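Welcome! Please take a look at the structure below, and then let us walk through it together, topic by topic.

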There are 2 protein chains.
Amino acid sequence: MAKGGKQGASGVPLRKRPVSAVTIAAANGRMNATAKGSRTSRLQSSLTAQFEASADNRTRPIGVFDSGIGGLTVLKELTALLPGEDFIYLGDTARLPYGTKSNEVIVRYSRENTEFLLAKGIKLLVVACNTSSAVALDEIARHTTVPVIGVIDPGAQAAVKASRTGKIGVIGTEATIASGAYTRAIQNLKPRAEIYTRACPLLVPLVEEGWTDNEIAERTVTHYLESLKASGIDTLLLGCTHYPLLRAMFERVLGPRVKIVDSAIATAAAVREKLAALKLARRNGGGAQSFFVTETPDRFVRVGRRFIGPRVESAVRIER
Amino acid sequence: MAKGGKQGASGVPLRKRPVSAVTIAAANGRMNATAKGSRTSRLQSSLTAQFEASADNRTRPIGVFDSGIGGLTVLKELTALLPGEDFIYLGDTARLPYGTKSNEVIVRYSRENTEFLLAKGIKLLVVACNTSSAVALDEIARHTTVPVIGVIDPGAQAAVKASRTGKIGVIGTEATIASGAYTRAIQNLKPRAEIYTRACPLLVPLVEEGWTDNEIAERTVTHYLESLKASGIDTLLLGCTHYPLLRAMFERVLGPRVKIVDSAIATAAAVREKLAALKLARRNGGGAQSFFVTETPDRFVRVGRRFIGPRVESAVRIER
C-alpha cells in the first residue's frame with residue numbers, strides 16, 4: 001500500500017498536476033466491503049504508521065474527509081502549509097449535508113469515511129467536517145490507530161488565543177451548534193469564557209449558490225449575526241467549512257473590532273505540529289492530491305472550484 | 001397485506017388520529033432486502049390492484065414518497081381532496097436533498113422508495129418529489145404495475161389551462177430544471193408555449209428555516225423571479241414541493257396579473273380522477289396516515305408541522 005509517491009494505495013494515481021477532464025471511475029465496490037476485506041492488514045499498517053517514523057510511513061498520504069465540498073477549505077490550508085505532503089480527499093457528496101442529520105447517522109457515515117481512507121494506507125486522518133468532528137470524533141478515534149485531528153479543538157484553541165475579552169461567538173450548522181462541541185472545547189481551555197452560539201443553516205446553500213457578496217448574503221449574515229454582535233463578542237469562530245468564503249462579509253457586518261477565526265487555518269497548523277511531533281512529516285517528493293466522491297463528480301468539481309480554484313479538476317466516484 | 005383498514009401491510013398501525021409522541025421504531029431491515037423478499041407476491045398483488053376493482057384492493061393505502069419533508073404539501077392536498085383514503089408517506093430524509101444529485105442516484109433512490117411502498121401493498125403510487133418525477137418516473141413506471149402519478153404532468157396541465165398568453169414560468173430545484181421535464185410536458189400539451197425556467201436552489205433551505213415572509217425571503221424571491229417577471233409570464237408553475245409555502249411571497253413579488261399554479265393541487269386532482277377511472281376509490285372507512293422516514297424522525301416531525309400543521313406527530317424510522 002502506498003509505497004511510493006506516485007501511486008495510491010488502490011492503484012488510483014495520485015497526480016502532481018490536475019488532469020484536464022473529469023474522471024468517472026467504475027465503482028470499486030461498497031465501501032464497507034472494501035474496508036473490511038483488508039481489516040487485519042490495515043490495522044497492522046495503521047499501528048506501524050502511528051508508532052514508527054519510517055521512511056515508508058512518512059511517504060504515506062494524509063487522509064481528509066468531509067460531508068462534501070466544504071472540506072476543501074481545510075484542504076486548501078493544509079496544502080498551503082504542507083506543500084510536500086500527499087493528500088487523499090473524500091467528499092461524501094451523495095449523503096451531504098451532515099449538518100441536519102442525527103448523531104447516530106453522522107457517526108455511521110463518519111466511520112465509513114474513515115474505513116475508506118484507512119484502507120488507502122493514510123498516516124494521519126483529518127476530519128474536515130465540523131459536524132463529524134463535533135459529533136463523531138471520539139468514536140472515530142476509538143476505532144483508529146493513526147492520529148486523528150478534527151477541526152473543533154484547533155478552532156477552539158485559536159479562538160481562545162485570539163480573544164481578549166473572552167466573549168466568543170461561534171457559528172455553524174444546526175448539528176454542530178446543537179452538539180455543544182465548540183462550547184465544551186472553549187470552556188475546557190478557558191472556563192470563564194462567555195460563549196455565544198448561533199446555527200446558520202442558510203449560509204451553506206448561500207455559499208454553494210455562489211452568493212457570498214451580494215445583498216442577500218449581507219442581509220442573511222446580518223440577520224444571523226445580529227444577536228452575537230449585540231452580545232459584544234470580540235472574536236467570531238467560523239465553525240463550518242463553508243464559512244471562510246463569507247469571511248469578507250462577516251468582517252463587513254461585524255466591523256474591524258471583531259476578529260474572525262477560521263478553524264481550517266488552525267487545523268492545518270495542528271496537523272503540521274502533530275506530524276513534526278511524531279516525526280511523520282514527509283521529507284521529499286509529494287505534493288499530490290486525489291479526490292474521491294460518493295456522487296457523480298461534476299457538481300463537486302464545478303462548485304469545488306469556488307473553494308480552492310482550478311485545482312479540483314477531477315474526482316473519482318466511489319459507490320455507496 | 002393490508003386487508004383491513006386499521007392495520008398496515010407490515011404490521012405498523014395506520015392511525016386515524018395522530019399519536020401524541022414521536023415513535024422511533026426499531027429498524028426493520030434494509031429496504032432492498034425487505035422489498036426483494038416479497039417480490040413475487042408483490043408483483044402479483046400489484047397486478048391485482050391495477051386490474052381488479054375488488055373491495056380488498058379499494059381499501060389498500062395510497063403510497064406517497066418524497067426526498068424528505070416537502071412532499072407533505074402534496075399529501076396535504078391529497079388528504080383534503082380524498083379524506084376517505086389511507087396514505088403511507090415515505091420521506092427519504094437520510095438522503096435529501098435529491099435536487100442537487102445526479103440522475104443515476106436519483107433513479108436508484110426513487111426505485112428503492114418505490115419498492116418499499118409496493119411491499120406495503122399500496123394500490124397507487126404518488127411520486128411527490130419533483131426531482132424524482134422529473135428524472136425517474138419512466139423508470140419507476142417500467143418496474144411497477146400499480147398506477148404511478150408524478151407531479152410533472154398534472155402541474156404542466158394545470159399551467160397550460162391557467163395561461164392565456166402561453167408565457168409560462170417554471171421554477172424548481174437544479175435537477176428538476178436541468179431535466180427539462182416541465183418544459184417537455186408543457187410543450188407536449190401546447191407546442192407554441194413560451195416557457196421560461198429558473199432553478200432556485202436557495203428557496204428550499206429558506207422554507208425549512210421558516211423564513212417565508214421576511215425581507216430575506218422577499219429579496220431572494222425577487223432576485224430569482226426578476227428575469228421571469230421581465231419575460232412577461234402570465235403563469236408561474238411551482239415545480240418544487242416546498243414552494244407552496246412561499247406562495248404569498250410569489251404573489252407579492254409578481255403582482256396580481258400572474259397566476260400561481262401549484263403542482264401539489266393539480267396532482268391531487270389527477271389522483272382522484274385515476275382512482276375513479278380504475279374504480280379503486282375507497283368507499284368507506286379510511287382516513288389513516290402513516291409516516292416513514294429514513295432518518296431519525298424528530299426533524300421531520302418538527303419541520304413537517306410547518307408544512308401540514310400538527311398532523312405530523314409521529315414517524316417511523318426505517319433503516320437505509
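In chain A, 27 residues of domain 1 are in contact with 25 residues of domain 2, where contact means that the C-beta atoms of two residues, placed from the backbone, lie within 7 Å. This is a predicted model: local features need pLDDT of at least 70, side-chain atom pairs count only at pLDDT 80 or more, and totals for chains, interfaces and linings use all residues. Residues are numbered from 1 along each chain as its sequence is written, while chains are lettered from A and ligands numbered from 1 in the order in which they are written.

**The domains of chain A**

- Domain 1 of chain A covers 31–150 + 266–317, and domain 2 of chain A covers 153–264; such bounds come from an automatic or database domain assignment.
- The centres of these two domains of chain A, taken over C-alpha atoms, are 24 Å apart.
- On the side of domain 1 of chain A that touches domain 2 of chain A, at least two residues each come from helices H4 (72–81), H6 (130–142), H13 (263–277) and H14 (298–308) of chain A. Helices (H or I, at least four residues) and strands (E, at least two) are DSSP runs, numbered from the N terminus.
- H13(A) provides the largest share of that side, 5 residues.
- That side of domain 1 of chain A has 14 nonpolar, 9 polar and 4 charged residues. Here Ala, Val, Leu, Ile, Met, Phe, Trp, Tyr, Cys and Pro count as nonpolar, Asp, Glu, Lys and Arg as charged, and the others, Gly among them, as polar.

**A pair of strands**

- Strands E7 (residues 235–238) and E8 (residues 259–262) of chain A run parallel and are joined by 4 bridges; strands pair if DSSP finds at least two bridges between them.
- Opposite A:Leu238 stands A:Asp262 in E8(A).

**How the two chains are related**

**Where the chains meet**
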